[in-house]
Amino acid sequence: MKRSYVPVTLLLVVLMLNIIFTQYMVHQYFYENYSNTIIAAVINVILFPIAFIIYKKGVKVND
Amino acid sequence: MSDKNNKIPFNEDNYTHNINRNNERKLDRRGFMKTLVGAAGVFAVSSLPWGALAAKELSGLGDKKYPKQKIAKVDSLAIGDSVDFAFPGEHDSAILIRLSEKKYVAYQNACTHLRCPVFWKKDEGEMICPCHHGKFDVNSGEPTAGPPRRPLPEIQVKEENGAVYAVGVKRYEA
């Protein structure tokens, strides 16, 4: 069984983006740039279905 | 009567024969990916309150509303002069300073050290608390010298029909 670690890598990238946008969101909130806060929060929410899709594809193809 | 319910199926002396704990805590590739997706979900959910709070700030729901209050007529206040007033309550003493033709600033004038009244020194161009010689920057209300460490709370003012009005208090972040 050949395993692909591409989806794992992609998920790690998604998690890194999550961390980056979360910190950006919190900082922008305290700098009172509220529209930037909302943008970062929306991106964070969108990243979850992306991660789920990556997981689904990665499991189906190679396991 | 048969003995079919009275047999021991195989020789055993415990009740844990069907519990297999080998590799129970091994995290394989699929399990690791599941964990990552779960983490992404946690990040998404924890973003929601921040977005909600930011939306609340943007929509202005959190701002307190005070009725606007006339402070002084424009022609009674020369450039560089100041006038004392009270806003938003009658015991919240405040000071209005006219810095230029169009620029007015107003602060709650209780010193953030021990609440002595802060005065505007026109010739020195700064606000001074006489009790312990605390000084404040007139443009921002930030303390520049002496014991106070927090800025003076700012009052929003508006010039309208030849008079200056106090319209609101900036949220105070100590």
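**Contact between chains A and B, and the fold of chain B**

In this predicted model, the contact draws 28 residues from chain A and 21 residues from chain B. On the side of chain A that touches chain B, α1 (6-30) and α2 (34-62) of chain A each supply at least two residues. The largest share of that side, 15 residues, belongs to α2(A). By class, the side of chain A that touches chain B comprises 20 nonpolar, six polar and two charged residues.

Helix packing across the contact was examined next. Two packed helices are described by the angle between their axes and the distance between the axes. The axes of α1(A) and α1 (residues 29-59) of chain B come within 10 Å. They cross at roughly 20°. Because angles under 35 degrees count as roughly parallel, α1(A) is roughly parallel to α1(B). The crossing of α1(A) with α1(B) is left-handed.

The residues that meet in this helix pair can be listed from both sides. From α1(A), they include P7(A), V8(A), L11(A), L12(A), V14(A) and L15(A). N18(A), T22(A), M25(A), V26(A) and Y29(A) also take part. Among their partners in α1(B) are R29(B), F32(B), M33(B), L36(B), V37(B) and A39(B). A40(B), F43(B), S47(B), W50(B), L53(B) and A54(B) are also on the α1(B) side. The residues of this helix contact divide into 19 nonpolar, three polar and one charged.

Chain B has one helix and 10 strands. Along the sequence, the pattern of chain B is α-β-β-β-β-β-β-β-β-β-β. Chain B holds 174 residues, of which 24% count as buried. Among contacts in chain B between residues at least 6 apart in sequence, 34% join residues at least 24 apart.

Nonpolar cores were then identified. In soluble globular proteins, nonpolar side chains tend to be buried together. The largest nonpolar core has 22 residues. Those with the most contacts inside it are I95(B), L96(B), A106(B), Y107(B), V118(B), I155(B) and V157(B). At least two residues of this core come from each of β3 (93-98), β4 (104-108), β6 (126-129), β9 (154-160) and β10 (163-169) of chain B. Leaving out residues up to four places away in sequence, V157(B) touches L96(B), Y104(B), A106(B), V164(B), Y165(B), A166(B) and V167(B). Another core, of 13 residues, lies apart from the largest one. L11(A), I54(A), A40(B) and F43(B) are among the residues of this other core. L11(A), A40(B) and F43(B) also belong to the contact of α1(A) with α1(B).

Two loop residues of chain B were considered separately. I79(B) lies in the loop between β1 (69-73) and β2 (82-86) of chain B. I79(B) counts as exposed, because it has 11 C-beta neighbours inside 10 Å. I79(B) and E101(B) are 22 residues apart along the chain, and their C-alpha atoms are separated by 6.6 Å. Not counting residues up to four places away in sequence, I79(B) touches R98(B), S100(B) and E101(B).

P117(B) lies in the loop between β4 and β5 (119-121) of chain B. With 14 other C-beta atoms within 10 Å, P117(B) is partly exposed. P117(B) and P130(B) are 13 residues apart along the chain, with their C-alpha atoms separated by 8.0 Å. Neighbours within four places in sequence aside, P117(B) is in contact with S93(B), N109(B) and A110(B).

Technical notes
Residues numbered from 1 in each chain as written. Chains lettered and ligands numbered in written order. Predicted model: local features only at pLDDT ≥ 70, side-chain atom pairs only at ≥ 80, totals over all residues. Contact = placed C-beta atoms within 7 Å. Helix = DSSP H or I, 4+ residues; strand = E, 2+ residues; numbered from the N terminus. Nonpolar A, V, L, I, M, F, W, Y, C, P; charged D, E, K, R; others polar. Axes fitted to C-alpha atoms, helices over the stretch in contact; angles between N-to-C directions. Parallel < 35°, antiparallel > 145°, perpendicular 65-115°, else oblique. Left-handed = near helix turned anticlockwise from the far one by under 90°. Buried ≥ 20, exposed ≤ 12 C-beta atoms within 10 Å, placed from the backbone. Core = buried A, V, L, I, M, F, W, Y, C linked by C-beta atoms within 7 Å.
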